[in-house]
Structure formats: structure tokens, C-alpha cells
Amino acid sequence: MPNLHIITECNRACSYCFKDRRPPGKEMPVSQARHLIDLVRDSGMKEIRILGGEPTLHREFVSILGYALDQGLYVRVFTNGFMPASSLEALQKAPEKNCRVVLNFPIGVNRRPDEDSKLNRAARLLGQKMSVGINIYRPGMPLEEASRFVDQHGLTRTIRVGMAHPRLDRANSFLHPRQYHRISEELELWLKNIKPRNFMLTLDCGFVPCMFSPTFMEMAELSAEALGSRCNAIPDLLPDSTAVHCLPLAELDQLPIHGVRSIQGLRDTLQHRTLSFRKTGVFRECSSCDLWHRSLCQGGCVSAAMLRSHYAPKKSDTITAALKGAKPDAEPKPTAWAVPYIDQPLEFWQALVSDHGTAIREVYFPISATGVGSGRPAQPQEHLNSLLEAKIVPMSVLVNPLVLPQTLEASAPRIIEELLRLYEEKGVFAATLNDRRLAELVRARIPAMRLTASCLFDIAEASQARTLRDLFDVLVPATRLTRSPNRIKTLREAFGGTIRMLVNEGCLIDCLDRKQHIYEMAAAAAPESLCFQRLEETPWLRLTGAWILPQHLHLYNGISDEYKLAGRVTLRNPGNYQSVLNAYLNRTALWPNQIGGGPASVLRRWSMSQTEFELLLQCSHVCADCTICSRIAQGQQSIESLI
Amino acid sequence: MADKIFQLSPGVRWVVEPRGVQIIDEYSRRSISLDHPRSAIWELLMRGHPEEEAGDMLAHIVELSEKYAASEMQSAIDEWINEGWIESR
């Protein structure tokens with residue numbers, strides 16, 4: 001049954017927890033939760049499990065629970081018991097035949113009296129609706145605490161037992177397979193004591209039959225086959241709209257959920273992509289074991305089996321800490337976005353402002369009256385004037401052709417006159433320029449105008465950034481630095497002002513044809529792409545483009561102050577525009593081919609896990625000497641056909 | 001013979017199994033199984049022995065002529081580099 005993780009925040013900090021390390025506090029939007037609940041129902045499944053973080057902390061937990069129940073699904077909520085009163089009340093009122101609560105009971109930890117009191121209250125109110133689950137992460141844990149708690153509160157007498165599996169990066173406390181036999185002895189002893197009192201144990205994934213004695217298997221009413229085949233794609237559906245095989249393997253794959261038609265398809269895809277990992281078991285003896293050869297056992301948890309593997313430790317931990325700067329745990333600042341004007345009626349923009357409010361720092365459009373523009377093909381502007389008149393959203397103007405079409409002396413007066421008109425009459429408060437001398441003239445005439453240095457300056461060095469620091473307020477670095485956050489950090493220090501990163505450009509980082517491409521595009525004589533042939537020959541190069549997916553934007557916390565969405569052309573469809581913008585603002589997941597962008601954009605559904613993306617952030621970007629992206633691409637081939 | 005040292009390519013893991021070595025690439029999801037003597041070559045190289053030293057050890061371990069061992073070693077290294085399993089350190 002799928003696990004719906006509706007929030008990453010938790011009010012406990014269990015060392016064995018295998019949730020990922022993304023910033024806390026991320027809530028799944030209710031609309032997304034409902035969509036996924038519908039998907040589970042439409043996939044013919046009867047049960048859904050709601051988890052977190054601590055799911056009851058979700059501000060709309062009651063609504064999500066109610067919706068799942070209304071769909072006729074059997075709902076199982078996994079909680080640590082420290083839940084808000086409103087959530088507890090909703091669980092209390094939920095019909096017992098359709099809703100169960102599993103209390104992840106913290107054994108072997110010291111609890112304060114007030115914590116005990118909260119657990120006791122939850123258990124007292126939920127009674128038989130609640131069962132207890134424990135996670136074993138070391139030998140010698142006081143298992144009897146769990147059965148005592150059940151006795152004390154009259155809870156369901158079936159106790160779920162889970163083993164704390166290692167994350168693939170081994171970042172949590174976990175049970176090592178060499179400890180399995182000791183754990184089995186402890187479980188057997190415990191079960192012998194409690195079974196006469198009508199207790200039963202259910203074992204979660206990852207246990208292997210060979211760790212238990214026949215006596216235990218009989219007492220627990222288990223067969224080898226039932227126990228040995230429990231490591232499968234669940235899948236876990238995460239708040240950022242990605243799905244993973246399971247939390248311990250989350251680093252391996254994070255597939256966007258958008259466009260998925262069935263949970264089964266998603267599960268098959270994730271399962272398929274772990275096949276190469278299933279050629280080994282948790283013990284060295286697995287591959288010569290009779291149960292293995294008779295397919296009665298898969299060799300336990302895939303992630304635990306990988307503990308036997310040798311590997312070059314990833315630098316992702318180091319790089320992530322470095323990327324986050326001096327305050328790695330600091331909350332990211334509210335993000336400001338510059339978004340493109342597309343020719344839509346006022347209602348479209350009103351809705352956008354209503355949805356996103358102050359997150360929209362500016363809507364940019366090309367200057368038109370001067371014959372200069374942005375240097376790109378002209379786009380329709382039928383509704384632009386009404387948007388300017390309405391003044392419902394901050395507007396900025398682009399004056400960034402590749403080169404000015406005339407000398408500065410000839411073109412500057414017309415440009416400045418138009419900028420002044422837009423500033424004074426329409427309230428256009430900002431301009432993006434890519435000519436330093438023009439910027440000096442604008443600054444002298446309209447000192448209050450916010451000036452942004454266009455990415456067409458191609459600023460990649462600190463020395464360049466310093467030359468602009470007293471002239472511009474905002475700097476958009478060269479897009480070839482998009483995958484080099486440490487270099488952007490250096491620019492940020494040198495520039496001293498606001499850094500705005502373009503998130504969905506798509507151009508190849510090592511492109512040598514960009515200026516000519518933009519020139520030919522403006523002259524309406526452009527082929528579709530000057531890099532077409534190169535990309536035909538080496539399609540994996542598209543993975544190297546200057547783009548960041550919304551789900552990976554948090555890696556730039558502390559590096560970029562603002563973001564810019566490109567897409568006056570590629571996102572001109574309003575529905576597409578809204579969905580991409582929503583994803584970026586809410587940091588929900590998109591496939592690379594959904595974000596718009598330039599000619600080298602990804603065209604297919606290629607998944608890019610956080611681990612893979614982090615690896616690209618630390619690479620040297622010398623694609624000719626590297627095989628990483630090509631190998632990542634090889635691993636993608638079957639995705640589209642399976643989902 | 002160049003005295004090179006090799007290391008795993010990013011994303012590659014390897015596991016010792018009773019009958020050889022299993023190698024897995026996290027990114028491309030490929031895997032290969034190596035039997036003797038290639039599994040021995042792999043282990044020697046991945047445990048940090050320089051190519052030349054590993055060749056001498058291999059000749060000793062598998063009782064091959066040094067020339068034949070060196071040839072096997074070179075062939076395996078070329079193949080693994082070409083397929084992206086290892087890279088020169």
C-alpha cells in the first residue's frame with residue numbers, strides 16, 4: 001500500500017529515522033494530497049497510509065484524513081503520538097472500521113512526564129483504534145515497554161515490529177545484518193512471554209527467514225516465503241510531489257508524480273530500477289542459500305545489502321553543507337521571483353497575484369517603443385497595456401539585446417526617454433540591461449530605478465562582478481555557472497548586491513554558439529537550434545544544461561537571493577506557465593522536460609535524483625572527459641515506457 | 001607498464017560474493033558479475049594496489065606467467081575504464 005507523506009516536519013528527532021534531510025516544515029498542499037488519494041483509489045487500492053514527518057502536524061490533517069475516508073479508503077495513520085488536539089479529535093471521531101492509528105512507540109528513551117502524559121492521553125482516547133509499532137535500531141532494546149503500554153491502555157494487541165534500515169548513504173542509526181540473529185533471539189523471548197496474553201507480532205519489511213528459529217516462525221505464524229519477500233517498492237509519495245522506492249533508498253530515485261496514471265505503474269518503475277541492486281543479499285551466504293535459489297527469499301533489505309558494498313563515499317554531505325554557507329540550518333528566506341510577461345488578460349495576472357502575492361518580485365517584458373527590445377523575436381503584447389495600467393504587480397522592462405543596434409550615443413536618448421515614460425506613467429520600477437555605459441546613463445537620469453545586470457553580460461568572475469557593484473542592484477550571473485554554486489557564492493561576495501539566478505535556461509554550459517544563436521533568433525533567421533546536431537549525437541548532454549529543478553532549489557539556499565523564470569515563448573501557454581511557476585514557488589517536483597527553456601532543454605522524462613544533481617554541482621563540467629551524465633542517462637531509458 | 005592507481009567511478013559499488021564480485025552502477029543501473037580471475041584483478045586494483053604491483057601479485061596468486069597476468073590485467077583495465085566502472089586516480 002502506498003505511503004502518503006504529507007509533511008516533513010516532525011516534533012521528535014529519532015536517530016534511526018530514515019527520512020531525508022531536506023529542510024523541515026514542507027507540507028504537501030491539500031490539492032496534491034487529494035490528487036494522490038484519488039490516484040490511489042483509481043488504482044484500485046483499498047488502503048492508504050498517511051505518514052510524515054509527523055502527519056498530524058499538517059495544518060490540514062483533518063481535511064486530508066476526512067477526504068481519504070470519504071473516498072472509501074481504509075486509512076492507517078502513523079504517528080509518534082505527540083499530536084495537536086484537533087488531529088487527535090479527528091482520529092477519535094473517524095470510524096473504527098475504516099481508520100487505524102499506528103503509534104510509533106519510543107522504547108528505550110527517557111521521556112519527560114509531560115511527554116508521557118501526551119502519549120497516555122492519545123492512547124486513552126483512541127483505545128482499540130490504536131496499535132503500537134516499534135523500530136529496532138540496536139540490540140538490547142526494552143521490547144516489553146511496548147507490550148506494557150498496550151496492556152496499560154487496552155490497545156490492539158498486535159504489535160508491528162520494524163527494523164531500522166540504513167539509508168543508502170548510511171546517515172541514520174540502523175541495525176546491521178550482523179546483529180539480526182541477536183535481535184531474533186530477543187524477539188523470540190519477548191513473543192514467548194506475551195503470546196500467552198494474546199499478543200501477536202507483525203514483522204515489517206527487511207526481515208529474513210534465516211534469522212529466526214522454527215519455533216519463532218511457528219509462534220509468529222510466518223512462512224519463509226511470506227517473510228522473505230517483503231522488500232518491494234512501496235512507494236512512498238513525498239510532499240515535494242516525488243515518489244521513492246522507500247525512504248532508505250530515497251537517494252537512489254526520486255520520480256516526479258506528475259503525469260503518473262497509476263500507483264502500480266509507479267511501483268513497477270521504481271521496482272524495476274532496483275533490479276541491479278537485488279543481485280546480492282544482506283549476508284555473503286545469500287547467493288548460495290536454498291531459499292534464495294527457490295525465490296523464497298530476496299536476501300532482505302536492498303539498502304542493508306548494500307552495507308556490504310565498497311564504494312567511494314559521496315561528497316554530497318560536504319557539498320550540501322558548503323552550499324548552505326555559514327548557517328547551514330538557517331531557514332531559507334522567502335523567495336522573490338522575476339517572471340516573464342505572457343500575453344494574457346488581466347484576470348490571469350490577478351489570479352497569479354492572488355495565488356503568490358509578494359513572491360512575484362517583478363513581471364518582465366521587453367521594451368518595445370525604441371526598436372531595441374530584448375533582442376529576441378517580438379511576442380504578442382495585446383494585453384500588456386492593461387496590465388501596466390492596472391498596476392497590480394511590479395513590472396520591469398528588458399533592454400538587453402545582444403548588442404545595441406546603433407551606437408550608444410544614437411540609441412541611448414530614445415531608450416532613456418521610453419524608460420522614463422514607463423517609470424513615471426506606468427510605474428515600471430526596474431530595468432534589465434546588458435550594457436554598462438547605458439546603465440550609467442539610466443542611473444544618472446532615473447536614480448531610483450532598480451537596475452539588473454542581465455545574464456548576457458556573462459559575468460562569471462569576481463573581478464567582473466566588482467565592476468558592476470556600484471551601478472547595478474541585481475546581478476544575474478552567467479548561466480554557465482548555474483551548476484557551479486560555489487562560484488556563484490564568490491560572485492555574490494564580490495558583487496555585494498542581490499544575486500538572481502535563472503532556473504530554467506536549458507542552454508549547454510559549455511556552449512560556444514549562444515551569442516550567434518540569439519542574434520539569428522532575433523533576425524528571425526535562426527535554425528531551431530545551433531546545437532541540434534551535437535545534441536543528436538550526444539543526447540545526454542541535455543542533462544548538463546543550465547537548469548535547476550524546483551525540487552533541488554533548496555540546494556541554492558544562501559547562494560541566490562532571487563530567482564528568474566525564463567519562458568516568454570516556451571511557457572506562453574497559460575496553463576503550462578501556471579503549473580511551472582506553482583512548482584517552482586512551492587518547490588514541488590517537475591520532470592526536466594516540463595520546465596521550458598532553451599534549445600538544449602531536456603525533451604524526455606528523465607529523472608534526476610537529488611544525489612545525481614548534487615554530483616553535477618561538484619563536477620568540473622568538462623563533459624568531454626567525463627561519463628557521469630551519459631551513465632545517468634543510460635539509467636533513464638525505461639522510465640517513460642513504464643510509467 | 002605504467003604504474004597507475006585506479007579508483008571507482010562515481011556511483012559504482014562492488015560487493016564480494018562467494019563466487020566472485022558483483023559490481024553495480026547506481027546511476028545507469030547496470031551491474032556485472034566477475035568470476036575468477038577477473039574478480040581477483042578487480043579486488044587488487046580497488047584495494048589500491050598500483051597496476052604493476054597488482055600484476056605481479058596476480059601472477060603469484062593465480063600461478064600465471066607474469067606476461068600473461070599483465071596482459072589479462074591490461075585487458076580488464078581497458079574494458080572497465082571504457083565501460084565507466086573505474087577511472088585512473
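Reply: Start with the residue classes: Ala, Val, Leu, Ile, Met, Phe, Trp, Tyr, Cys and Pro count as nonpolar, Asp, Glu, Lys and Arg as charged, and the others, Gly among them, as polar. Also keep in mind that this is a predicted model.

Me: ok, so how do the residues lining the second largest cavity divide by class?
Reply: That lining has seven nonpolar, two polar and two charged residues. Asp513(A) and Arg514(A) are in the lining, and both residue types count as charged.

Me: how much space is in there?
Reply: The second largest cavity holds about 70 Å³.

Me: which elements give two or more residues to its lining?
Reply: In chain A, β19 (504-508) and α19 (514-522) do.

Me: and how many cavities of 30 Å³ or more are there?
Reply: The structure has seven of them.

Me: what lies nearest the centre of the largest one?
Reply: Of its 14 lining residues, Thr544(A), Cys619(A), His621(A), Cys623(A) and Cys629(A) lie nearest the centre. Helices α22 (610-617) and α23 (628-634) of chain A each supply at least two residues of that lining. By class, the lining has ten nonpolar, three polar and one charged residues.

Me: switching to rings. how many aromatic pairs?
Reply: Over all chains, 14 aromatic pairs are found. One of them is Trp14(B) with Trp42(B), an edge-to-face pair at 6.3 Å centre to centre with 75 degrees between the planes.

Me: where do those two sit in the chain?
Reply: Trp14(B) is in strand β2 (residues 12-17) and Trp42(B) in helix α1 (residues 38-46) of chain B, 28 residues apart.

Me: buried or exposed, that Trp42(B)?
Reply: Trp42(B) has a relative accessible area of 0%, so the residue is buried. Trp14(B) is at 2%, so that one counts as buried too.

Me: what about Trp42(B) and Trp80(B)?
Reply: They form an edge-to-face pair, 5.1 Å centre to centre with 80 degrees between the planes. Trp80(B) lies in helix α3 (residues 66-82) and Trp42(B) in α1, so the pair ties together parts of chain B that are 38 residues apart in sequence. Trp80(B) is buried, at 0% relative accessible area.

Me: which rings link into a cluster in chain A?
Reply: Tyr341(A), Phe348(A), Trp349(A) and Tyr577(A) are linked by ring pairs.

Me: last one, what lies over the face of Phe199(A)?
Reply: Arg157(A) does, 4.2 Å from the ring centre. Lys564(A) lies over the face of Tyr364(A), at 4.8 Å from the ring centre.

Key:
Residues are numbered from 1 along each chain as its sequence is written. Chains are lettered from A and ligands numbered from 1 in the order in which they are written. This is a predicted model: local features need pLDDT of at least 70, side-chain atom pairs count only at pLDDT 80 or more; totals for chains, interfaces and linings use all residues. Side-chain values use heavy atoms; hydrogens and water are left out. On a 1 Å grid over the protein atoms alone, a cavity is a set of points where a 1.4 Å probe fits but cannot get out, and a pocket is an open set with protein on both sides within 12 Å along at least five of seven lines; lining residues have an atom within 4 Å of a point. Grid points are joined across faces, edges and corners, and a volume is the space filled by probe spheres set on the points. Helices (H or I, at least four residues) and strands (E, at least two) are DSSP runs, numbered from the N terminus. Rings of Phe, Tyr and Trp (its six-membered ring) pair if their centres lie within 6.5 Å; planes under 30 degrees apart count as stacked, over 60 as edge-to-face and the rest as tilted. Buried means under 20% relative accessible area, exposed over 50%, partly exposed in between (1.4 Å probe, protein chains only). A charge sits over a ring if NZ of Lys or CZ of Arg is within 6 Å of the ring centre and within 35 degrees of the ring normal.
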